[in-house]
Amino acid sequence: MARAIYSDADIYLMDDPLSAVDAHVGKHIFNEVIKNYLSDKTVLLVTHQLQYLSELDYVIVINNGRITEQGTYVELLEADKDFATMIKENVISNEEEDNEEEEEDNIEKVDGQVIDKEKNEKEKSINKTVMLIEKEERDIGAVKLKMYYKYAKACGSNIIILLILIGFIVAQFTRIGTDWWISYWSGDLSKEETDEDYEAKSNTYYLGIYFIWTIANGVVVMISNVMAALAAVKCAKTLHENLLINLMNAKLSFFEKTPVGRILNRFSKDQDNIDNDLPDNLASYLRTMFVCIGTLL
């Protein structure tokens, strides 16, 4: 509508633009734009807002795609046909609404205090809603072992979990083997320098063994990380499906007692923690644990 007005045309065709806004904004648009800004333009306004028809120069009434009446506002009222009946019914309806608003705005005095009835009713409704919503349950302290078991169970079979643990153990073993081989290599070189009868093997031999240890460590780490990632995806998918199924099968009372924001938080922030943060934290924990064990051994 703003672009049409800025075009500064001579004729404007408006298809019920006032129905998309509330009464206050519609009144402002009609008075400031249609009556004032476009006062020197030709405006063809299609509307169901009967309260603005008295301000128009000419009124055309269309019923079922046919023109039934036309003329000025006063002429149509004097004709006393369908248009005049609609206007009278609209006036009566507006008067009833005004009376209802006045009754709702009535203020009564109780024990010398002024009490707004409508305000009291809203406060009572809010209090009932607050009492209906249950407090969110949260576990505080260490995570129980059964939660780890449920998470591991959601990752798939026990064999998958066992293979992942074996993968981390073997990865740490190959890492220790790489460090041990470097130590052995340097020890042979030192022994060769101190013992004239001892002859160390060629560097190609030591480099070949070191290369085998390194490749083995890289392959095992890659396989264990891939298995852990696939298990994490399986777990996230399983937990999300279970959450969605339980939500769809929940009783109506659950939705009355649980805010929508709390439900959305389960499917957004909490699910994101399961998808991204939890697998990374668990993998980091396992790597650190096996590194510590390997160091002690």
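Let's start with Phe-83, which is buried (under 20% relative accessible area, where exposed is over 50% and partly exposed lies in between, using a 1.4 Å probe and protein chains only), because its relative accessible area is 1%. Keep in mind that this is a predicted model, where local features need pLDDT of at least 70, side-chain atom pairs count only at pLDDT 80 or more, and totals for chains, interfaces and linings use all residues. Residues are numbered from 1 along each chain as its sequence is written, and side-chain values use heavy atoms, leaving out hydrogens and water.

Now for the rings. The structure holds 11 aromatic pairs; rings of Phe, Tyr and Trp (its six-membered ring) pair if their centres lie within 6.5 Å, and planes under 30 degrees apart count as stacked, over 60 as edge-to-face and the rest as tilted. Tyr-73 and Phe-83 have ring centres 5.9 Å apart and planes at 90 degrees, so they sit edge-to-face. This pair links distant parts of the chain, with Tyr-73 in helix 3 (residues 73-79) and Phe-83 in helix 4, 10 residues apart; helices here are DSSP runs (H or I, at least four residues), numbered from the N terminus. Tyr-73 is buried too, at 17% relative accessibility.

Further along, Trp-181 and Tyr-205 are also edge-to-face, at 5.9 Å centre to centre with 65 degrees between the planes. Here helix 7 (residues 158-194) supplies Trp-181 and helix 8 (residues 203-248) supplies Tyr-205, 24 residues apart. Trp-181 is buried, at 5%, while Tyr-205 counts as partly exposed at 35%. Both belong to one aromatic cluster, together with Trp-180, Tyr-184, Trp-185 and Tyr-206.

Note on methods. Helices (H or I, at least four residues) and strands (E, at least two) are DSSP runs, numbered from the N terminus.
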